[in-house]
Amino acid sequence: MAIIRTSDKRKFEVEVSAKKADEEIVRVGARAIPIVDLKLAGNDEMIFINAAHVVSIEDDD
């Protein structure tokens, strides 16, 4: 699992590793609207994050 922090001080725990989350965010970052969707940890729910607002991605140790 990974923790993603955004520029508006929000924190999301997602089911993928930090490396995988970073790959997804880089993949969509070049699009006109860089929205990435990731599954929340422990929930059957997806979140949509603007890749331009991501400040950090770290593994949840």
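Okay, hi everyone. Some ground rules: residues are numbered from 1 along each chain as its sequence is written. Since the model is predicted, local features need pLDDT of at least 70 and side-chain atom pairs count only at pLDDT 80 or more, while totals for chains, interfaces and linings use all residues, and side-chain values use heavy atoms, with hydrogens and water left out.

Let's start with the sheet. When I say helix or strand, I mean a DSSP run (H or I with at least four residues for helices, E with at least two for strands), numbered from the N terminus. Two strands pair if DSSP finds at least two bridges between them. Here we have an open sheet of three strands in the order 2-1-5, and the pairing is antiparallel. Which strands stand at the edges? Strand 2 and strand 5 do, each with a single partner strand, so one side of each has no neighbour in the sheet. On average, neighbouring strands are turned by 20° against each other, direction ignored. Those angles are between axes, meaning lines fitted to C-alpha atoms (for helices over the stretch in contact), and in general angles run from 0 to 180 degrees between N-to-C directions.

Strand 1 and strand 5 pair over five bridges, in the antiparallel sense. For example, look for Ala2, which stands opposite Asp59 in strand 5. Then there's helix 1, lying across strand 1 and strand 5 and running at about 150° to strand 5.

Our cut-offs are: buried under 20% relative accessible area, exposed over 50%, partly exposed in between, using a 1.4 Å probe and protein chains only. Leaving aside neighbours within four places in sequence, Thr6 is in contact (heavy atoms within 4.5 Å) with Phe12, Ile49, His53, Val54 and Val55.

On to charges. Side chains of opposite charge can pair when their charged atoms come close. A salt bridge is a side-chain nitrogen of Lys or Arg within 4 Å of a carboxyl oxygen of Asp or Glu. How many does the structure hold? Six salt bridges. One of them joins the side chains of Arg5 and Glu58, at 3.4 Å from N to O. Arg5 is in strand 1 and Glu58 in strand 5 (residues 54–59), so this pair ties together parts that are 53 residues apart in sequence. Arg5 is partly exposed at 33%, and Glu58 is partly exposed at 32%.

Another pair is Lys19 and Glu23, with their closest N and O atoms 3.7 Å apart. These two are four residues apart in helix 1, so about one helical turn separates them. Then Lys39 forms a salt bridge with Asp44, at 3.8 Å between the closest N and O atoms. Salt bridges that share partners also join Lys20, Glu24 and Arg27 into one network.

Let me stay with Glu24, which lies in helix 1 (residues 18–29). Glu24 is buried, with a relative accessible area of 17%. Beyond its neighbours within four places in sequence, Glu24 is in contact with Val36 and Leu38.

Last stop: Lys9, in the loop between strand 1 (2–6) and strand 2 (11–14). Most residues other than glycine have a negative phi. Phi of Lys9, though, is near 70°, a positive value. Lys9 is exposed, with a relative accessible area of 76%. Thanks, that's me done!
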